Amino acid sequence: GAWRCTDSPYDRWFHNLATGGDPYAAASPDAVAGGMLFYGKAGCASCHAGPLQTDQDYYAIGVPQIGPGKGDGSDGHDDFGRERVTGNPADRYKFRTPSLRQVAQTGPWGHDGAFDTLEGMVRHHLDAVASLNAYDSSQALLPSRPDLGAIDFIAHDDPVRRQAIADAVELAPVALSEREIGQLMDFLHALTDPAAHDLRDDIPESVPGGDPLAD
């Protein structure tokens with residue numbers, strides 16, 4: 001049905017593997033190699049598990065904190081993540097593992113949209129602490145408002161808060177070559193169902209009450 005998006009090259013690849021078919025008939029050799037990295041050396045599947053590529057659990061991966069915050073901390077400009085729900089300080093800066101279905105189309109990336117490219121988000125995973133400290137805030141896609149602009153980077157620009165986020169990181173660094181990063185990117189793009197590229201035909205002409213959706 002509409003919006004289900006389960007006919008990606010990834011789905012066809014797994015179907016062919018399960019039925020004895022040729023996986024290279026469903027995805028490019030680099031995408032297949034990227035899948036092997038995803039489920040192997042790169043360690044992605046330790047959290048991005050199952051058919052939706054998420055274990056639905058919470059982890060601290062050191063994504064730069066941007067935006068006005070959620071009211072946490074001494075000045076309200078922090079976002080303590082899962083701790084806000086559990087009240088457990090051990091859950092500070094942990095956020096839910098997102099599904100990777102259609103991930104190439106769902107930017108900006110990170111729980112707060114800190115990365116404006118999927119590759120930037122992937123590279124962050126390879127050395128989260130270094131990425132956090134080297135973050136280029138010019139990539140942040142935020143509303144252009146002077147009042148928000150004055151507070152959007154208060155947390156990130158504070159070395160004490162940034163160190164606290166770094167100290168909470170649970171990801172071990174992973175060494176991948178540039179070729180392997182490219183293959184991993186090909187795999188992530190293979191998670192997109194081509195049917196999702198244009199969903200305009202699924203827009204109804206009217207709402208349930210009969211009124212037109214738009215004039």
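The lining of the second largest pocket consists of seven nonpolar, five polar and eight charged residues. This description rests on a predicted model. The volume of the second largest pocket is about 300 Å³. Its lining comprises 20 residues, and those nearest its centre are Ile66, Lys70, Asp79, His111 and Asp112.

The side chains of Lys70 and Asp79 form a salt bridge, with a distance of 4.0 Å from N to O. Side chains of opposite charge can pair when their charged atoms come close. Lys70 counts as partly exposed because its relative accessibility is 49%. Asp79 has a relative accessible area of 12% and is therefore buried, the cut-off for that class being under 20%.

**Salt bridges**

In total, the count comes to 13 salt bridges.

| Pair | Closest N and O atoms |
|---|---|
| Asp72 and Arg84 | 2.9 Å |
| Asp91 and Lys94 | 3.8 Å |

The salt bridge between Asp72 and Arg84 has its closest N and O atoms 2.9 Å apart. This pair links distant parts of the chain, for Asp72 lies in the loop between strand E1 (58-59) and helix H3 (83-86), whereas Arg84 lies in helix H3, 12 residues apart. Asp72 is classed as buried because its relative accessible area is 13%. Arg84, at 44% relative accessibility, is therefore classed as partly exposed.

In the pair formed by Asp91 and Lys94, both Asp91 and Lys94 are buried.

**The largest pocket**

The largest pocket holds about 900 Å³ of space. It is lined by 41 residues, and the closest to its centre are His48, Ile61, Pro98, Met121 and His125. Strand E2 (95-96), helix H4 (118-126) and helix H9 (178-189) are the elements that each give two or more residues to this lining. Which of the elements gives the most to the lining of the largest pocket? That element is H4, with five residues. By class, the lining of the largest pocket has 26 nonpolar, 11 polar and four charged residues.

**The cavity**

The structure holds one cavity of 30 Å³ or more. The space in the largest cavity amounts to about 30 Å³. Its lining is made up of Pro9, Tyr10, Trp13, Ala27, Ala31, Val32, Phe187 and Ala190. Helix H1 (9-19) and helix H2 (29-38) are the elements that give two or more residues to the lining of the largest cavity. H1 gives the most, with three residues.

**A residue of helix H8**

Ala166 belongs to helix H8, which covers residues 159-168. Is Ala166 buried or exposed? Ala166 counts as buried because its relative accessibility is 8%, and the class requires under 20%. When its neighbours within four places in sequence are left aside, Ala166 is in contact with Val129 and Leu132. Ala166 and Thr117 stand 49 residues apart in sequence, and the C-alpha to C-alpha distance between Ala166 and Thr117 is 21 Å.

Technical notes: Residues are numbered from 1 along each chain as its sequence is written. This is a predicted model: local features need pLDDT of at least 70, side-chain atom pairs count only at pLDDT 80 or more; totals for chains, interfaces and linings use all residues. Side-chain values use heavy atoms; hydrogens and water are left out. On a 1 Å grid over the protein atoms alone, a cavity is a set of points where a 1.4 Å probe fits but cannot get out, and a pocket is an open set with protein on both sides within 12 Å along at least five of seven lines; lining residues have an atom within 4 Å of a point. Grid points are joined across faces, edges and corners, and a volume is the space filled by probe spheres set on the points. Helices (H or I, at least four residues) and strands (E, at least two) are DSSP runs, numbered from the N terminus. Ala, Val, Leu, Ile, Met, Phe, Trp, Tyr, Cys and Pro count as nonpolar, Asp, Glu, Lys and Arg as charged, and the others, Gly among them, as polar. Buried means under 20% relative accessible area, exposed over 50%, partly exposed in between (1.4 Å probe, protein chains only). Contact means heavy atoms within 4.5 Å.
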